[in-house]
Amino acid sequence: MKPKDGYSGEELLNSTQGLSYNDFIILPGYIDFNPDDVDLETQFTRNLKLKRPLVSSPMDTVTESKMAISLALLGGIGIIHYNNTIEEQVAQVRKVKRFENGFITDPVVLSPEHTIAHIDEIKEKFGFSGIPITVDGKLGSKLIGIVTNRDIDFETDRSKKLKDVMTTDLVTAKVGITLAQANELLKKSKKGKLPIVDDEGKLVALMSRNDLVTNREYPFASKDTNKQLMVGAAISTKDESKERLQELVKAGVNVVVIDAAQGNSIYQIEMIKYIKKKYPELDVIGGNVVTIEQCENLIKAGADALRIGMGPGSICTTQVTMAVGRAQSTAVYRCSKFAKQYNIPTIADGGIATIGHIAKALALGASTAMMGSMFAGTEEAPGEYFYENGVRLKRYRGMASLEAMEKGGSKRYFAEDSKILVAQGVSGAVVDKGSMFDYVPYLVQGLKHAFQDMGVRTIKELHEKLYKEELRFELRSLSAQIEGGVHTIYSYKEPKYL
């Protein structure tokens, strides 16, 4: 038998020592294809597929409707957090389900009694200033005008009311117009904005010439059978979540994640059974898990996918505070191998900081990677940018940080009714990563190159090679890790993305 370099996944990860993503390297395979020949389609849950193996974490500084829309358009899926009221979470899900490519379904709207100064504030905050004006300043009421830069650029009195400067000679389109028709109408009108109104002249959406100029087709968009973007939502194991779940299902949610730091509990098992009985068509993701025993209990209860990770996140201190958890690479391999027997996909959640970490998570058997800090600094993440020491940042906090727990995140840690809250995470900041529409294509292309180097064209093939022991690994010493990164140079400029 021809000798093989390196070690199989079983040899590497079935040991007494837990390993992280940085502790090992994947040995190269044989290349006979281009990176663009790689197909990253994957099984997200038992019944749902994604074109890209990317999932955003249900954290209140990571995933709301803007993140979920952008990620779904780009082939992944976002999971809306539950650190909010039922009404607020449902509204976020509905925004995703109502989204139509090219149409702004929740435009900023003002009333005729607002002033030019209000336009200035919007421009400063959001970077645009073409604002539709309705009777009461709300979406869904009668459209009476629009204010653009040309209406206010030379006005010195910024306290002047919008009713005195707005354009009332409007070009509008009726609800139901297609993207192509709206595009043609914008071209002919030479206007910057195209309000979409119903039969009563009430504003329901907006189109922007700038959006159309930059708009691309999204052939990999994650859509359901109704051709709507797919979206997930997190719930807890509390009884309150049964009411929350009912409203989420009405809103059209495609999958729910039972969000618990330690998923192997009677509370989660009972919640999974309840969901599968009452909503059999709804896929449920159980977790978090890191051991075979945990996986077995949740799979038996009816989970359609498992979320793996306990304490590896960049803002999580569970392993330090609670002395419980598992090194992430070991957890992903062990749990994924067990779940494979039942055809249950797994999600590697936490510890991912680079494209290489995503590739390693998939190489260890995960079908998708869930990320928090990787997406937290993007334009589509909740929150506003701020500067610290000249660096543009966004807030990022663990759902077990005191700040998040006081707002409601304690539901995830069975601590909602506790008089004393013990933090298992911290609050911090991450560097601006720009738009998801630039960032995700970069991640995807990097992943394709990683797959090429491993000599595999698909995630399915990658998993087959893993379990046939054809995919080979090697441990890395600390010196090897240093050697594998930037070293021994005087200075260098970091790339925008890693």
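Helices (H or I, at least four residues) and strands (E, at least two) are DSSP runs, numbered from the N terminus. The views below come from a predicted model, in which local features need pLDDT of at least 70, side-chain atom pairs count only at pLDDT 80 or more, and totals for chains, interfaces and linings use all residues. Residues are numbered from 1 along each chain as its sequence is written, and side-chain values use heavy atoms, with hydrogens and water left out.

**View A. Asp164 sits in the loop between helix 5 (149-152) and strand 8 (173-174).** Asp164 is exposed, at a relative accessible area of 54% (buried is under 20%, exposed over 50%, partly exposed in between; 1.4 Å probe, protein chains only). Look for Ile116 too: it is 48 residues from Asp164 in sequence, and their C-alpha atoms are 9.8 Å apart in space.

**View B. Lys193 belongs to strand 9 (residues 193-197).** Here the lysine is buried, because its relative accessible area is 17%.

**View C. Helix 12 (residues 328-340) has 13 residues.** Since 10 of these 13 residues are buried, helix 12 is largely enclosed by the rest of the structure. Among the buried ones you can find Tyr333, Cys335 and Phe338.

**View D. The largest nonpolar core holds 94 residues.** Such a core is a set of buried Ala, Val, Leu, Ile, Met, Phe, Trp, Tyr and Cys residues joined through side-chain atoms within 4.5 Å. Ile275, Leu306, Ile358, Phe375 and Phe451 touch the most other members, and helix 16 gives the most to this core, with nine residues. Apart from this core lies another, of 15 residues, including Tyr82 and Val255.

**View E. The second largest pocket is lined by 23 residues.** A pocket is an open set of points, on a 1 Å grid over the protein atoms alone, where a 1.4 Å probe fits, with protein on both sides within 12 Å along at least five of seven lines; lining residues have an atom within 4 Å of a point. Ile25, Thr354, Gly356, Lys360 and Gly484 lie nearest the centre of this pocket. Helix 13 gives the most to its lining, with five residues.

Notes. The expected span of a helix is 1.5 Å times one less than its number of residues.
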